[in-house]
Amino acid sequence: MSRLSDNTRYETARSKAETLMEALPWIQRYAGSTMVFKYGGNAMVNDQLRRAFAEDIVFLRHVGIRPVVVHGGGPQISTMLESLNIHSEFRDGLRVTSEEAVNVIRMVLTGQVGRELVGLINAHGPYAVGMSGEDAGLLQARRVRTGSDGAPLDLGLVGTVTRVNTAAVEQLLDIGKIPVIASIAPELAEQDDDAAGRGALTGQVLNVNADTAAAEVAVALGAEKFVALTDVEGLYANWPDRSSLISSLTASELRDMLPSLESGMIPKMRAALRAVEGGVPRASVVDGRCEHSSLLEIFTDTGIGTEVTPDGEERS
């Protein structure tokens with residue numbers, strides 16, 4: 001019985017060692033680089049998954065990677081709007097947002113979701129700093145006027161990020177902190193920019209899709225990798241056929257597929273495409289319902305989920 005127990009412990013230890021050795025070249029490759037993570041979906045409402053994601057982010061920081069988290073809060077926002085009897089609907093995969101709703105969204109993102117994630121990360125050390133797109137002029141946005149098909153679309157107070165000022169985020173990264181960013185942004189006026197390239201702000205705050213905001217932050221920071229957590233395994237060639245999961249595709253292949261995607265996947269895949277087209281070498285959509293999915297994507301040879309690469313390149 002003792003020998004069996006010893007063998008079992010040895011096999012367990014050896015398996016852990018093999019996992020660490022598989023991760024070593026990836027740790028060496030990515031040390032010192034910046035990675036942007038879009039956090040949302042089931043990963044933020046399940047306590048075990050929330051803790052696992054926080055552990056992943058802290059692990060990345062300790063192996064020399066500079067993680068940045070951009071979060072939404074769809075499930076929590078829906079719950080709060082429902083409790084306040086505020087109607088909510090989606091068009092083209094985005095939440096139609098009224099003046100009444102945007103105030104609730106702002107409160108939930110900065111006062112609930114962001115604070116919870118900061119607390120989970122800081123349980124491991126004084127690392128995370130919560131902020132929003134309003135802080136230090138980080139994000140600026142203009143209202144969404146057209147849908148994914150190019151037709152006019154009225155979503156109310158919903159914006160798309162047009163400017164990113166990374167100064168505050170870079171300062172935090174340089175002192176070893178982990179920025180945790182809520183996806184809301186002040187609105188830029190529609191008139192032309194002034195001679196210095198600055199547009200006037202309207203004083204209105206816009207609800208910004210977290211996937212697209214995270215992609216813009218990744219591009220502005222020159223991130224090495226963009227990872228979006230979602231509630232499916234990745235992109236399917238023929239949804240809902242689960243055997244049609246695509247492990248890797250190029251930017252041009254994804255561009256061709258976009259018109260045929262389900263509305264919920266459009267913002268995520270458009271964000272991945274924007275990141276790669278903006279110079280981020282790799283963009284991945286992974287299943288946030290799996291514990292430590294971020295680490296599995298980054299530090300294993302095969303990765304998980306769906307990875308988007310620049311044209312002419314393959315998963316490496």
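Below, questions and answers go from the whole chain to single residues.

Author: This is a predicted model, in which local features need pLDDT of at least 70, side-chain atom pairs count only at pLDDT 80 or more, and totals for chains, interfaces and linings use all residues. Residues are numbered from 1 along each chain as its sequence is written, and side-chain values use heavy atoms, with hydrogens and water left out.

Reader: How many helices and strands does the chain have?

Author: Helices (H or I, at least four residues) and strands (E, at least two) are DSSP runs, numbered from the N terminus. By that count, the chain has nine helices and 16 strands.

Reader: Why is the chain called as compact as a globular protein of that length?

Author: The radius of gyration is taken over C-alpha atoms, and the globule rule is 2.2 Å times the number of residues to the power 0.38. For 316 residues the rule gives 20 Å. The chain counts as this compact because its own radius of gyration is close to that, at 20 Å.

Reader: What share of the residues is buried?

Author: Buried means under 20% relative accessible area, exposed over 50%, and partly exposed in between (1.4 Å probe, protein chains only). Of the 316 residues in the chain, the buried share is 49%.

Reader: What share of the contacts comes from residues 24 or more positions apart?

Author: Contact means heavy atoms within 4.5 Å. Take the contacts with a separation of 6 or more. Residues 24 or more positions apart supply 72%.

Reader: Is strand S1 enclosed or open?

Author: S1 covers residues 34-39, and six of its six residues are buried. In a regular strand the side chains alternate between the two faces of the sheet. Here Thr34, Val36 and Lys38 are buried on one side, and Met35, Phe37 and Tyr39 on the other. So S1 is largely enclosed by the rest of the structure.

Reader: Which residue in strand S2 is the bridge partner of tyrosine 39?

Author: Two strands pair if DSSP finds at least two bridges between them. S1 and S2 (residues 66-71) pair in the parallel sense over six bridges. In S2, the partner of tyrosine 39 is histidine 71.

Reader: Which residue in S11 stands opposite valine 36?

Author: S1 also pairs with S11, in the parallel sense, over four bridges. Opposite valine 36 stands phenylalanine 226.

Reader: Which residue in S15 stands opposite alanine 228?

Author: S11 is mostly covered, with six of its six residues buried. It pairs with strand S15 (residues 282-287) in the parallel sense over six bridges. Opposite alanine 228 stands valine 285.

Reader: What is the relative accessible area of threonine 230?

Author: Threonine 230 lies in S11, residues 225-230. Leaving aside residues up to four places away in sequence, threonine 230 touches Lys268, Val285, Val286, Asp287, Gly288 and Arg289. Threonine 230 is buried, at 5%.

Reader: In what sense do S9 and S10 run?

Author: S10 (residues 201-208) is joined to strand S7 (residues 158-164) by two bridges, and these two run parallel. Four bridges join S9 (residues 184-188) to S10. One of the facing pairs is alanine 185 and leucine 206. S9 and S10 run antiparallel.

Reader: How far apart are the C-alpha atoms of glycine 74 and leucine 109?

Author: Glycine 74 is in helix H3, residues 74-83. With 30% relative accessibility, glycine 74 is partly exposed. Glycine 74 and leucine 109 are 35 residues apart along the chain. Their C-alpha atoms are separated by 9.2 Å.
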